[in-house]
Amino acid sequence: MKKFALSALLLVAGTASAGPILVTGAGATFPFPLYSKWFAEYNKAFPDIRFNYQSIGSGGGIQQFTNGTVDFGATDAPMNPDEMAKAADAVHVPTVLGAVVVTYNAPFAGLKLTPDLLAAIYLGKVSKWSDPALAKVNPGIKFPDMPITVVRRSDGSGTTYVFTDYLAKVSSEWKEKVGTGKSVSWPAGLGGKGNEGVTGLIKQTPGSIGYVELAYANQNKLPLTTLQNRDGNFVAPSLESTSAAAAGVQMPADYRVSLTNAAGATAYPIASFTYLLIHKDMADQAKGEAIVKFLWWAIHDGQKLAAPLDYAPLPKSVVSMVEKTVQGLQVQGKPVTLAAAQ
Amino acid sequence: MPQPSDTTAGVGPSPLARAHVSPWGDRAWGAGVSILGGSILVVAGLILAELGGVSLVAWKKLGLLRFLFGSDWDPVQDKFGALPFIYGTLVTSTIAIVVAVPVSVGLALFLSEMGPKQLRRPVGFAIEVLAAIPSVIFGLWGLFVMVPWLRESVEPFLQAVLGFLPLFQGPMIGLGYLAAGLILAIMILPTIASVTLEVLKTVPLALKEGALALGATRWEAIRMAVLPYARPGIVGAALLGLGRALGETMAVTMVIGNAPDIHASLFAPGYSLPAVIANEFAEATGDVHVGALASLGLVLFGITVLLNALAQVLIRAVSRGMSRGAA
């Protein structure tokens with residue numbers, strides 16, 4: 001009994017004093033490895049601030065953020081107007097960029113695709129590797145007479161959202177028949193669960209083609225397809241070409257913009273932001289301050305940790321925009337002084 | 001504590017005397033057991049009510065019949081039909097039962113009647129190990145070992161021999177109904193085999209001895225004395241296995257191909273009810289999408305209830321047929 005009373009006392013004391021601040025967040029799985037690194041590093045620098053992040057998926061992140069069960073959310077796709085209506089004070093803060101790459105399992109290397117060809121393959125219209133349209137774009141490759149097995153994600157996913165968003169932009173037929181979404185009605189192919197499920201299917205199925213995140217593809221040394229971008233150049237997916245995509249887009253004030261098929265000579269065409277969702281004016285003094293200071297750290301020091309983990313850092317032009325956004329965040333109606341962190 | 005005296009009183013001759021000893025203990029015990037028993041009804045009722053409540057949006061938007069018998073699944077345009085998933089669940093479970101029941105019954109017979117004593121232990125142990133393997137391991141093994149084997153050996157063979165049937169036509173990619181059905185067969189095999197084994201152990205020795213004494217061979221004794229006696233139990237065991245096959249999620253989603261289509265060919269990719277719920281629920285944000293997924297849960301619930309009812313009828317019919325045959 002004594003022990004219980006004691007721990008209860010300690011608990012009360014803990015919440016009352018300015019002890020460790022626990023900030024909770026939930027959402028996207030894609031940036032989870034980077035975010036855990038960030039939270040760990042930040043905790044080393046500021047031991048009294050702890051972050052607890054649950055990677056439950058973008059949809060769940062938006063929901064929990066809107067319901068107020070977590071202090072911040074995280075999502076790959078920006079909130080749509082319906083979701084914004086339920087959380088009017090939500091601010092999108094882009095943290096890093098990701099790219100979706102096309103990988104394949106076939107007896108050749110260095111595949112190049114045009115937007116039309118990629119859409120035709122995923123629409124099921126180009127269904128053999130021996131299709132003359134493929135040979136025209138890839139004069140150096142001798143294609144085998146093999147059926148193309150299309151592989152895509154079976155689970156609802158931000159990766160699928162970005163990929164279908166790109167296809168809808170470059171193919172009117174895709175836009176009309178399939179559209180953009182985290183789960184869509186696929187005209188062709190097999191579904192695998194998660195990046196690892198898609199990769200498993202591709203490795204197991206000769207003649208298959210599929211899409212995964214750049215970070216996952218790099219870590220697993222998957223063969224990558226070079227894609228033709230909006231300027232007509234063939235661009236290999238890399239961290240640099242992904243960052244370049246964000247530099248070539250007219251950035252709106254709330255960052256809710258699609259980066260797919262971006263302009264720019266070196267821009268990789270299937271790129272996207274991943275965001276943290278923050279309340280414009282936070283009610284809890286200690287937590288609010290901690291979040292704003294962390295964001296400031298994340299867009300400066302944090303960016304250096306991105307590339308080693310295969311995430312593309314924000315381009316300079318975007319960082320200077322996000323600085324203003326973070327400075328505009330308020331705690332109990334007042335801005336947070338960031339001079340120390342700067 | 002009054003309970004020990006209760007139990008000794010229970011053995012006593014007069015029920016009235018027992019009631020005198022401790023009416024409160026009895027009543028409390030009775031009430032406690034009723035609460036525990038009733039809680040299962042409450043849990044089932046809550047699940048149904050919650051699923052129904054979430055589903056309602058989808059039914060209103062789509063219409064119940066169009067949802068049940070529709071075959072398009074398009075989350076972008078909020079069009080949802082359950083038929084491909086119902087079809088996939090039923091087809092894969094049927095394959096599983098067709099493959100697993102004969103093997104399991106044979107296995108159980110081997111263990112109880114035919115097998116050499118030294119082999120029974122290790123085989124019985126292997127069955128128990130099989131039952132304890134997590135389903136994701138079956139899925140991984142299926143994807144990396146069984147699917148390539150199906151694609152390169154089994155499916156070409158089936159197509160060459162039985163290719164005239166629509167069941168075995170079309171491109172051979174390894175993933176699909178056949179792969180999912182076979183994985184399920186392996187997964188439900190230990191359940192069916194161990195229950196069947198228990199059932200076979202209850203066959204009276206006198207029946208077997210009688211058959212053998214009349215000059216029956218071992219096989220004839222099994223066919224004429226053992227199997228008829230055990231039939232209701234074997235049917236029950238099969239239905240227990242079927243219940244597991246219907247609800248299996250992880251292993252199925254890894255090898256079925258996850259394409260919401262309906263194909264006659266077993267080589268084609270399909271989808272199952274639990275698989276689509278697990279895949280899409282986490283990132284479903286629209287109310288209608290969530291409602292449609294919850295409705296699929298209700299459909300799965302309904303199929304299980306129907307099958308259980310069918311099992312009762314079947315077991316009764318089988319045991320009635322048996323007693324008539326014996327008479």
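Which residues touch the most other members of the largest nonpolar core? Keep that question in mind as you click through this predicted model.

**Stop 1: the whole of chain B**

Select chain B. Count its elements: there are 13 helices and 2 strands. The radius of gyration of chain B is 25 Å, while the globule rule gives 20 Å for 327 residues, so chain B is more spread out than a compact globule.

Next, think about what lies inside. Of the 327 residues in chain B, 35% are buried. Look also at how the chain meets itself. Take the contacts in chain B between residues at least 6 apart in sequence: 73% of them join residues at least 24 apart.

**Stop 2: the core**

Here is the reply to the opening question. Select B:Ala179, B:Ile183 and B:Val255. These residues touch the most other members of the largest nonpolar core, which has 181 residues. Then colour helix α8 of chain B, residues 177–201. This helix gives the most to the core, with 17 residues.

Zoom in on B:Ile183. Ignore its neighbours within four places in sequence. What is B:Ile183 in contact with? Its partners are B:Phe138, B:Gly142, B:Met146, B:Ala251, B:Val252 and B:Val255.

**Stop 3: a sheet in chain A**

Move to chain A. Find the open sheet of 3 strands, with mixed pairing and the order β5-β9-β10. Which strands are at its edges? They are β5 (112–113) and β10 (234–235) of chain A, and each pairs on one side only.

Now select β9 of chain A, residues 226–228. It pairs with β10(A) in the antiparallel sense, over 2 bridges. Show two side chains here: A:Leu227 stands opposite A:Val235, a residue of β10(A).

**Stop 4: where the chains touch**

Display both chains. How many residues does each chain bring to the contact? Chain A brings 28 residues and chain B brings 25.

Hide chain B and stay on the side of chain A that touches it. Three elements of chain A each supply at least two residues to this side: α3 (58–67), β7 (190–192) and α9 (194–204). The largest share, 4 residues, comes from α3(A). Finally, colour this side of chain A by class. You will find 6 nonpolar, 19 polar and 3 charged residues.

Notes
Residues are numbered from 1 along each chain as its sequence is written. Chains are lettered from A and ligands numbered from 1 in the order in which they are written. This is a predicted model: local features need pLDDT of at least 70, side-chain atom pairs count only at pLDDT 80 or more; totals for chains, interfaces and linings use all residues. Two residues are in contact if their C-beta atoms, placed from the backbone, lie within 7 Å. Ala, Val, Leu, Ile, Met, Phe, Trp, Tyr, Cys and Pro count as nonpolar, Asp, Glu, Lys and Arg as charged, and the others, Gly among them, as polar. Two strands pair if DSSP finds at least two bridges between them. The radius of gyration is taken over C-alpha atoms; the globule rule is 2.2 Å times the number of residues to the power 0.38. A residue is buried if 20 or more other C-beta atoms lie within 10 Å of its own, exposed if 12 or fewer, and partly exposed in between; C-beta atoms are placed from the backbone. A nonpolar core is a set of buried Ala, Val, Leu, Ile, Met, Phe, Trp, Tyr and Cys residues joined through C-beta atoms within 7 Å.
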